[in-house]
Amino acid sequence: MRPVRLAIIHWFPVEYYPPVTNLMNCFAANAGLRIVAYTSHNVRQRPPYTNAGCQLKRYKFPVPGQSRLIRLWRYIYFPLAVFWQLLWQRPQAILYFEPQSALPVVLYTFIARRCRILIHHHEYHDPHQFFRPGMRLVRIYHWLESKLIFKRAEWISQTNRNRTELFHRDFPELAPSRLKELPNLPPQHWFETRNLAWSGASARLKLVYVGSLSKENTFISEIVDWIQSDAAKNSSLDIYSYNHSADVAQLFAKCSCERINFHSRGVSYEDLPNVLSNYHVGLILYKATTTNYVFNASNKLFEYLALGLDVWFPKQMLGVKPYARTDQAPRVVELDFDNLATFNPTSLLQRDHLQVGALGQSCESALAELEALILTKVT
């Protein structure tokens with residue numbers, strides 16, 4: 001049987017989205033799939049993603065500082081170039097991510113009506129978000145996909161149940177059987193480096209944060225202030241963030257606390273298991289200022305847990321609450337980051353007395369249903 005021709009369309013550079021590269025790694029290992037992926041060149045000096053089992057075609061990404069005309073051209077060129085490639089490659093199935101990637105699919109399905117469509121969303125998009133400045137083209141793409149693509153798509157997924165329910169509320173006409181949950185989970189091999197020993201936590205509790213940062217949207221200022229307080233004198237904090245705002249860089253430039261280390265170049269995803277195994281607690285710091293982040297179960301939640309770290313998260317993140325637990329290790333602890341002055345970590349310095357929780361799901365098992373769907377029903 002010939003391999004299924006699958007096109008993956010991801011407008012944003014795939015290097016910024018580990019769940020996408022995990023998916024491509026998983027699918028590329030299947031001899032029943034022939035994959036061509038369309039994305040943009042990353043402009044943040046991340047190591048380019050490569051996979052011998054997945055052909056990648058890249059296009060230039062708009063960057064700050066370019067003229068408005070150049071940026072507009074790059075926004076327009078991507079869907080037109082991908083549409084042309086789809087005509088040439090003739091995929092039997094297309095998996096695209098986010099409304100930004102929808103236009104070439106809309107155009108292609110006018111011609112290839114039997115092509116199967118699958119959609120995944122990294123984020124939940126409130127309808128009003130499409131009316132923000134700079135979203136005019138995306139608003140058009142989203143209107144087109146909602147009118148022409150959603151009803152014929154065989155799979156439309158969000159990252160958790162809350163977001164799936166919100167999406168169905170926005171599009172009640174869609175069949176619930178086609179709406180799926182696809183969490184952002186790490187690969188199975190991460191569990192092999194799981195560190196549950198927690199040695200030395202009573203002497204110094206080692207906290208870590210990995211991810212994007214801004215003072216406006218995260219509790220970075222609050223956690224830095226707390227680390228410098230007497231309550232946290234036996235704690236340290238390491239920050240790994242290659243995507244951060246200027247005010248965050250200024251914050252750390254002024255910070256002289258020897259127990260706080262800011263790694264401005266971040267850390268590669270492949271190195272995370274080895275790096276994170278040196279810490280006790282992984283932090284999630286989003287302020288949850290939008291519906292999307294209120295109901296966000298961050299991929300870092302599952303990555304920290306897979307490696308044996310406790311997780312501390314803000315009480316505003318309702319998407320993490322279903323995973324909260326303090327009766328087994330690793331723990332998932334809800335904190336009031338607005339009032340850290342009253343927080344004493346003494347009760348969290350030991351966990352040898354706790355039963356170890358079961359291993360979580362991996363991306364391979366979470367992707368199995370989608371992979372099986374792509375491989376079936378091909379005509």
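1. A salt bridge is taken here as a side-chain nitrogen of Lys or Arg within 4 Å of a carboxyl oxygen of Asp or Glu. The model is a predicted one, in which local features need pLDDT of at least 70 and side-chain atom pairs count only at pLDDT 80 or more, while totals for chains, interfaces and linings use all residues. Residues are numbered from 1 along each chain as its sequence is written, and side-chain values use heavy atoms, with hydrogens and water left out.

2. The structure holds 11 salt bridges, one of which joins E303 and K300 at 2.9 Å, N to O. These two residues are 3 apart in helix α10 (residues 299-306), and are therefore separated by about one helical turn; helices (H or I, at least four residues) and strands (E, at least two) are DSSP runs, numbered from the N terminus. Both E303 and K300 are buried, where buried means under 20% relative accessible area, exposed over 50%, and partly exposed in between (1.4 Å probe, protein chains only).

3. D310 and R331 also meet through their side chains in a salt bridge, at 2.7 Å from N to O. This pair links distant parts of the chain, 21 residues apart, with D310 in strand β12 (residues 310-314) and R331 in the loop between β13 (328-329) and β14 (332-335). D310 is buried at 0% relative accessibility, and R331 is likewise buried, at 3%. Through salt bridges that share partners, D310, R331 and R351 form one network.

4. In the salt bridge between E181 and R161, the closest N and O atoms are 3.6 Å apart. Because E181 lies in strand β7 (residues 179-181) and R161 in helix α5 (residues 161-170), the pair ties together parts that are 20 residues apart in sequence. E181 is partly exposed at 41% relative accessibility, whereas R161 is exposed, with a relative accessible area of 55%.
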